[in-house]
Amino acid sequence: MNIDLKQFHAVFFEESLEGLDQMESTLLEMEGNPDDEQINTVFRCAHSIKGGAGTFGFNHIAEFTHVAETLLDRIRAGSMEINGEIVRLLLESVDVIRTLISKSQQDE
């Protein structure tokens, strides 16, 4: 049985954009005093986007998101401390992922 995964792309794009909105709002909240739950929320969003992108063959999205996810995992593990510069970098990564998704929606 051969399943055409393209039929699920719209759902992936919609859920990913919602995840990016959640990442962005949580990161903006973190600029003052980040806590573990906020970091976990951002990590879970990135992890879901990466997994979906990999499933549907959007490897450029998966690879880029994996970098952000790895950074977040290091923060969660305590081997890296989060600060304003890291939050700004993660916010920029949200913008890049959003652009990659937009381009993928347009088959670019």
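1. Phe12 is buried, its relative accessible area being 5% (buried means under 20%, exposed over 50%, partly exposed in between, with a 1.4 Å probe and protein chains only). The model is predicted: local features need pLDDT of at least 70, side-chain atom pairs count only at pLDDT 80 or more, and totals for chains, interfaces and linings use all residues. Residues are numbered from 1 along each chain as its sequence is written, and side-chain values use heavy atoms, with hydrogens and water left out.

2. Phe12 and Phe58 form a stacked aromatic pair, at 5.6 Å centre to centre and 10 degrees between the planes. Rings of Phe, Tyr and Trp (its six-membered ring) pair if their centres lie within 6.5 Å; planes under 30 degrees apart are stacked, over 60 edge-to-face, and the rest tilted. Phe12 is in helix 1 and Phe58 in the loop between helix 2 and helix 3, 46 residues apart. Helices (H or I, at least four residues) and strands (E, at least two) are DSSP runs, numbered from the N terminus. Phe12 and Phe58 are both buried.

3. The whole structure holds four aromatic pairs. In one of them, Phe12 and Phe56 are tilted, with 5.7 Å between centres and 50 degrees between planes. Phe12 lies in helix 1 (residues 9–30) and Phe56 in the loop between helix 2 (36–55) and helix 3 (59–77), so this pair ties together parts 44 residues apart in sequence. One aromatic cluster is formed by Phe12, Phe13, Phe56 and Phe58.

4. Thr26, in helix 1, is buried, with a relative accessible area of 4%. Leaving out residues up to four places away in sequence, Thr26 touches Gln38, Thr41 and Val42 (contact means heavy atoms within 4.5 Å).
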